[in-house]
Amino acid sequence: MRTDPEGHGPVRYGPPLPDDGLPVLPDLTAVLAAAAARPRAEPVGGGPPLLEAACGYAARRGLPARPDHVVAAPGAPSLLLALTAALGGDVLVPRPCAAWWAPYARLLGRPVFHVATPAECGGVPDPYALLETVRRVRAEGGDPRLLVLSVADDPTATVAPPEVLHETVEAAAGEGLHLVSDETWRDTVHAPQETVLLSPAEMLPDRVTVVTDLAGGLLPTGWPAAFARFPANGHGDGLRARVLDILTALGARVAAPVAEAAAHALTEPEPVTAHRTAVVGLHARVAAAAHAVVVGAGALSRPPRAGRHLYVDLGPLRPALTAQGVGDAQDLEDFLTARLGMPAPGGHRFGDDLGAPRVRLATGPLLGGTDEERTECLSSPTPLELPHVQRALITLKSVFDDLRDDAQRWEPPR
């Protein structure tokens, strides 16, 4: 039976960031607990310790910043809402894109235009498609001003090659667009020694605002904290001031204990970096195993290169899906969520066509059902051989192999 749209609307249901599924690092809980008795509120935009820590984090990634070029907020969504309101105009995003990008523009009454991505990756619009979209929107009386993109991408789990990113950034610069680079997942690249990740802010420093949600690699998703790094020029100063006004009006402050934990995590002490490295390595192995399962069953998926998820196109298995009454991405979401026993948000949640049978699968649910099982995954040298992980992967394989077998039976004779 089709899901009731009243309870599963695209905004209210919008799938959250894939969390790591693991218990919180004790070092971070200790810092949070020590700050829990603080009576003072964190200033809007973040206090000096948090902003200084954010500047250090950015500088270590080749993006130097001063505290007066940075703003902190309780999660990246509030920053994107404020940036969209401050910049005005129409918004451009890749197709597909993170589920939380478009709703904020629509909330403000701003048109959102999805742009096709290149074959190599998601997260970044194809430069020629971008130029064509901008010209078409202007010809129809629109006013495109903002392009949101992500080099390490949710939902596709890809990392955009520098040459592709450079062409897109050049095209955006030529059209006078301001770029927001969502770099939430940059610290979750599966093979950092083999992957070149460049920020658009390194290529176009005067027109790129970088947004980083700490839920990507440093904090639990339930402790909302993020920061934005603005261009170090008059345009960036004015934009930062407007963003601070909007965050003030919204009362969007990072909770004081969370700000303490965020500042600690952003300084990247050894326990935090060691934990992050272990978590990234675990999810990389599980994502590779899940990718092998879905591709082996005949589905399409780019190899996951970052994050805790993969994006799967079940187009080749459409005959089997049709026989199961699955006609679109919402049907597919309901079908796979029930069969797999884990969330499988459809591609329509990420701006893909409703008729395209695509889903994002997270790796966190494959790590087990209890904290003990998930912790065991992190400490085991062979997590894929643990019984609970094997059971989860066997379930995934069974569901996809059944679809493959059914699709082959439903293929017309040649």
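## Ground rules

Helices (H or I, at least four residues) and strands (E, at least two) are DSSP runs, numbered from the N terminus. This is a predicted model, in which local features need pLDDT of at least 70 and side-chain atom pairs count only at pLDDT 80 or more, while totals for chains, interfaces and linings use all residues. Residues are numbered from 1 along each chain as its sequence is written, and side-chain values use heavy atoms, with hydrogens and water left out.

## The loop between E4 and H6

Let's start with alanine 157, which sits in the loop between E4 and H6. Its phi is positive, near 65°, in a residue other than glycine.

Proline 155 belongs to the loop between strand E4 (144-149) and helix H6 (162-174). For context, most residues other than glycine have a negative phi, and most peptide bonds are trans.

## Around helix H10

Glutamate 268 lies in the loop between helix H9 (256-266) and helix H10 (270-296). Here too phi is positive, near 55°, in a residue other than glycine. Glutamate 268 counts as buried because its relative accessibility is 14%. Leaving aside residues up to four places away in sequence, glutamate 268 touches (heavy atoms within 4.5 Å) Tyr57, Arg60, Arg61, Thr273 and Arg276.

After H10 comes glycine 298, with a positive phi near 100°.

Technical notes
Buried means under 20% relative accessible area, exposed over 50%, partly exposed in between (1.4 Å probe, protein chains only).
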